[in-house]
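Visitor: I would like to learn how to read a structure with the model open beside me. Could we go through it one feature at a time?

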Amino acid sequence: MGTNLGKFLFKNNVAILFLLLSVGAFAAANVSLPFLFEELFTRFSRNTFMVLSLLIPVVAGLGLNFAIVIGAIAAQIAIFLTVLWGGAGFVGVLMAVGMAVPMAILFGFLVGKLFNSMKGTEMIGGMVAGFFSDGLYQFLFLFVLGGIIPIANDQLMISTGIGVLNAIVLENSIHHGLDNVAMIHILDFAFFASLALSAIMLIVRGVKKQPLNLKQPAKVVLPLAVLYALGFIPAVGRFLSADRLMLFYAVMIALAIVVLYSLYHIIRRKESEKPTRFILYIVGAAVVFGLTYIPELERSLMVVRLPVLTYIVIISLCLGIKWFMNTKLGQNMRTVGQDRAVAASSGINVNRIRIIAMIMSTSLASIGQIISLQNIGTMATYGSHQQVALFSIAALLVGGASVQRATVKQALLGVFLFHTLFILSANAGQSLLGNAQIGEYFRVFVAYAVIAVALAMHAWVRKSNKQVITQIDPRVAATAASAESK
Amino acid sequence: MERALGALKQGAKDFGLPRIIILAFFFILLLAAALVGMDIPWLISDVLLRWGMWGILVLAMVPSIRSGIGPNFGVAIGIAGGLLGALVSIELRYFGFLGTLDPDGITFGLVSISLAVLLALAFSSLLGILYGLLLNRVKGNEMIVSTYVGFSFVALFNILWLLLPFRSSTSIWPIAGQGLRTTINLVDDFGRVLNNLFRVEIGNFIIPTSLLLTVLLFCFVIWVFNKSRYGMVMTAAGSNPEYAKARGINVNRARIVGTTISTALAGVGIVMFSQGLGFLQLYNAPMWMGFSSVAAVLIGGATVKRAAIFNVLLGTLLFQGILTVALPVANELVPEGNLSEILRLIISNGIILYALSKARGGSK
């Protein structure tokens, strides 16, 4: 047990350090817990998607993708066009995503090509490519738009007609386009979509004369149908017609799900399995439930209102990434990330896999930037994209990720810890050193230093590993062996 | 005839496509400047001044590349040391270290800048040794690590500039009584001393003689060092570490020496830069100087593994030349926006990308 604890502490040393720093900053900063919660969850909904877009290149061995800036640039071009063409609300967001993703695919392809010609120096290359693209982007927005392509819109353009304004207000456009979709609409959509999909699946199976296997679609449709039916009860309907969910209810729902899930497993378990884990879950849920009776915490949970659809999108991406890692393509990516030579010898097209990883990351980053900007409501035309890579990468690393290993869990934890420190540092600087500016500089220093230390540690470890026999993941070895036996 | 043509082709190939493009671009800009009626002699004087200001900062790339750590993206570390040296020299002058020297005389200026350079050398050499020790532990990843270590240093020094106990009224905010100013006027210290000493003026055409001579002097010193016994050893360690090790060369030590010289040069470089400008720029100003210095030496024909003094002189002239000429020309053509800044972003990062993709082109 003792060594287990030691291992746990060592494995999570970065996260624990930041947890302590955050607690210290909170103690010093003299701000209320509800304030911190409100800020934190707003930032969480803005930035998490972007941080998650970093995971795939790490798995594919490309390291931390400093080139997500390019995805953000694609998003900002798309948002400009959306505002220009009058896209608004949820449809506006869909328009922006629809335009940003194809651009991001093209850019990701180009960056992937570039990275294939600079293997081993992708990170510095990615960063420089980001700055390079920023130059091209600024040229496009300051000179080409209005200068070469005439654009008649005084809401967007500088008064001379050449160049785009510094800040684009999204108020009557896509501001909260994603955040403001009511729960009842999401539920309606989910119910009818699941119904339609199940029907199509059953028809296909019927035509192909396969067993219909009704149980499988029923598992999805029935719970949704129950929820859909509940929506017709006036009280529930009123609750669902909102677009925000109080964090307090979100916690309660999450606890209920944990308890139900654990109970289900305890009842359905095989004789041989011990229910210890699930009992612990239930106990944990009970403890959390008890904690919500602390007045300060209760008030904080009541203050925060989560934009439901935005959080659904983020959670879907988390699940989607986990699912993707177990697909054939995901496994190949992992193999390429572990060892390019082994991957190549087992018949994987290494360059192609790396390009796919860059395309996915860039596209996700572009969606992440749209999510962020629709929440903020103003686009700083020449600034919104610039710090994206720095802060996302720092957040991921704070969660305990490294250049070669990064998980969804680390990304989520990292966003929470990094942004807690970010919110508090100005106040902490003010009360500790009498100068808020020092706090501001301190958080920038933390962002850079976290990356510097993580990169240095990575290079350090890699160097000392070179002397030892290279260890290969058993899965990779298995793939290689199966390829040889062919 | 055919052989001559072949030699010409080879020469062009050695000179490199990017350099030909950039050279052509430079001349097109000059032509454009002449066409829109700019004062060409004045423009060229400005190019010369910028050449002198950046020369030593770009020279700092040579020892780092030759010793095998690649272009030194972390010159911000040396710059921090150099700024510290300059600030201490101001402080010493404020507390009467220069005694009874006539503040308007040449001697005062020369003593003042020599003092700043020596202090800069001391501080940045010290930082350079530590930095070299770090870089020996991250072999193969020096570029990205040094970039972020450099950024971290800029951020760390932002905090220090607010906290360090400087007293001189030249340096600190007058009302707060604490914290260094964002820009510090060097008019009472070594501002523009070398620009003006032995200055040659022909109408609007000005040559900052002493500044250029100082840059050339430092170039010469580094050239001599490169030709010296230890310089050869260092180059051998940088170009082929395995072979050098087999020959009994202490590769790690050579890398530390290279890094330290590079960092020390960066410290001197920022003092020269500031004297040329007439101001000391603190806080985030040094953030991007690393990228500009790397880009300049690469434009001059260096690669991430090979660099010579000639690359520094040519590259600085071309890069700073383009930026200097582009600014007024761009303002003449399109008054809105900062085209020169955009050009800097595109050219400097474009050339770095080009160099990186050539360095290990298509390795498995």
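Visitor: How many residues of chain B are in contact with chain A?

Guide: Before the count, a word on conventions: this is a predicted model, in which local features need pLDDT of at least 70 and side-chain atom pairs count only at pLDDT 80 or more, while totals for chains, interfaces and linings use all residues. Residues are numbered from 1 along each chain as its sequence is written, chains are lettered from A and ligands numbered from 1 in the order in which they are written, and side-chain values use heavy atoms, with hydrogens and water left out. With contact meaning heavy atoms within 4.5 Å, 42 residues of chain B are in contact with 44 residues of chain A.

Visitor: What area is buried between chain B and chain A?

Guide: The size of an interface is often given as the accessible area lost when the parts come together. Buried area is that loss for a 1.4 Å probe, summed over both parts, and between chain B and chain A the figure is about 4,000 Å², with carbon and sulfur atoms giving 77% of it. Which helices of chain B supply at least two residues each to the side that touches chain A? They are helix 6 (106-136), helix 7 (142-163) and helix 15 (339-359), where helices are DSSP runs of H or I with at least four residues, numbered from the N terminus. Helix 7 of chain B gives the most, with 14 residues.

Visitor: How many salt bridges does the rule find across the interface of chain B and chain A?

Guide: A salt bridge is a side-chain nitrogen of Lys or Arg within 4 Å of a carboxyl oxygen of Asp or Glu, and across this interface the rule finds 0. For polar contacts, meaning N or O atoms within 3.5 Å, where within protein one must be able to donate a hydrogen and the other to accept it, and residues adjacent in sequence count only if both atoms are side-chain atoms, the rule finds 2 residue pairs, both at pLDDT 80 or more.

Visitor: Is Ser67(B) buried or exposed?

Guide: Buried means under 20% relative accessible area, exposed over 50%, and partly exposed in between, using a 1.4 Å probe and protein chains only. Ser67(B), in the loop between helix 4 (61-66) and helix 5 (75-94) of chain B, has a relative accessible area of 1%, so Ser67(B) is buried. A polar atom of the Ser67(B) side chain lies 3.2 Å from the backbone oxygen of Ser64(B), and, not counting residues up to four places away in sequence, Ser67(B) touches residues including Met234(B), Ala254(B) and Arg255(B).

Visitor: Why is the pair of Phe44(A) and Phe416(A) called stacked?

Guide: A pair of aromatic rings is described by the distance of the centres and the angle of the planes. Rings of Phe, Tyr and Trp (its six-membered ring) pair if their centres lie within 6.5 Å, and planes under 30 degrees apart count as stacked, over 60 as edge-to-face and the rest as tilted. Over all chains the count comes to 36 aromatic pairs. The rings of Phe44(A) and Phe416(A) have centres 4.5 Å apart and planes at 25°, so the pair is stacked. Phe44(A) in helix 3 and Phe416(A) in helix 19 (residues 408-433) of chain A are 372 residues apart, so that the pair links distant parts of the chain. Phe44(A) is buried at 8% relative accessibility, whereas Phe416(A) is partly exposed at 26%.

Note on methods. Buried area = accessible area lost by both parts, 1.4 Å probe.
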